[in-house]
Amino acid sequence: MVALKQLLVVVATLIWMPPAFAEPDASSANWLMEGCKSAILREGGASPDRHMAFKRGICLGQIAAIRYFGSSLETQPKPCVPPETTIIQLTKVVVAYLDQQPKRLHLSFLFLAEEALSETWPCKK
């Protein structure tokens, strides 16, 4: 009888327990690609969708960080982006690169974006 009550408690708990969902990896290229593509399409215009505006901001901010600090990174080759290049141009380069790397989109966006910019504009030694 005790075993039956315990079984009923377990079953009831499982039935009423909310499902567990895995949180998306907000550092992955897969998560940020939508925001980067939105930034290219809107070219800096305001977005009525706050979630998309947030993703756009993260994408553009990480690309800007690579632009300004990339030449001081320890990776080889380092990115040396020409100063006249716009953030939207950089974003287009990163998105085009990532579109060619669908199996790697689970990796860090920052890592892959740095790789894209380093391949496009490697620092001269």
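How many disulfides does the structure hold? The structure holds two, a disulfide being a pair of cysteine sulfur atoms within 2.5 Å. The model is a predicted one, in which local features need pLDDT of at least 70 and side-chain atom pairs count only at pLDDT 80 or more, while totals for chains, interfaces and linings use all residues. Residues are numbered from 1 along each chain as its sequence is written, and side-chain values use heavy atoms, with hydrogens and water left out.

Helices here are DSSP runs (H or I, at least four residues), numbered from the N terminus. The torsion about the S-S bond of Cys36 and Cys59 is about 115°, and the disulfide is therefore right-handed. Cys36 is buried, because its relative accessibility is 0%; Cys59 is buried with a relative accessible area of 0%. The term buried means under 20% relative accessible area, exposed means over 50%, and partly exposed covers the range in between (1.4 Å probe, protein chains only).

The other disulfide joins Cys80 and Cys123, with sulfur atoms 1.6 Å apart. The link of Cys80 and Cys123 is right-handed, with 85° about the S-S bond. Cys80 belongs to the loop between α3 and α4, and Cys123 to the segment after α5, so that distant parts of the chain, 43 residues apart, are linked. Cys80 counts as partly exposed, because its relative accessibility is 34%. When the bonded cysteines of the chain are numbered in sequence order, the pairing reads 1-2, 3-4.

A pair of aromatic rings is described by the distance of the centres and the angle of the planes. Rings of Phe, Tyr and Trp (its six-membered ring) pair if their centres lie within 6.5 Å; planes under 30 degrees apart count as stacked, over 60 as edge-to-face and the rest as tilted. By this rule there is one aromatic pair. The ring centres of Trp31 and Phe54 are 6.3 Å apart and their planes stand at 75°, which means that the pair is edge-to-face. Trp31 is in helix α2 (residues 29-42) and Phe54 in helix α3 (residues 50-69), 23 residues apart. Trp31 is buried, because its relative accessibility is 14%.

Which residue lies over the face of Trp31? Lys55 does, at 4.7 Å from the ring centre. A charge sits over a ring if NZ of Lys or CZ of Arg is within 6 Å of the ring centre and within 35 degrees of the ring normal. Lys55 counts as buried, because its relative accessibility is 6%.

Lys55 also takes part in a salt bridge, in which its side chain meets that of Glu34 (2.9 Å, N to O). The term requires a side-chain nitrogen of Lys or Arg within 4 Å of a carboxyl oxygen of Asp or Glu. Glu34 in helix α2 and Lys55 in helix α3 are 21 residues apart. Glu34 is partly exposed, at 43% relative accessibility. By the rule for salt bridges the count is three. Another of them joins the side chains of Lys37 and Asp99 (3.4 Å, N to O), linking helix α2 to helix α4 across 62 residues. Lys37 is partly exposed, with a relative accessible area of 38%, and Asp99 is partly exposed at 41%. Glu115 and Arg104 also meet in a salt bridge (2.6 Å, N to O). Glu115 is in helix α5 and Arg104 in the loop between α4 and α5, eleven residues apart. Glu115 is buried, with a relative accessible area of 19%, whereas Arg104 counts as partly exposed at 23%.

The nonpolar residues complete the picture. In soluble globular proteins, nonpolar side chains tend to be buried together. A nonpolar core is a set of buried Ala, Val, Leu, Ile, Met, Phe, Trp, Tyr and Cys residues joined through side-chain atoms within 4.5 Å. The largest such core has 22 residues, of which Ala29, Ile63, Leu90, Val94, Leu98, Phe109 and Leu117 touch the most other members. Helices α2, α3, α4 (87-99) and α5 (109-120) each supply at least two residues of this core, and the largest share, six residues, comes from α2. Leaving aside residues up to four places away in sequence, Leu90 touches Ile63, Arg67, Val81, Thr85, Leu117 and Trp121, where contact means heavy atoms within 4.5 Å.
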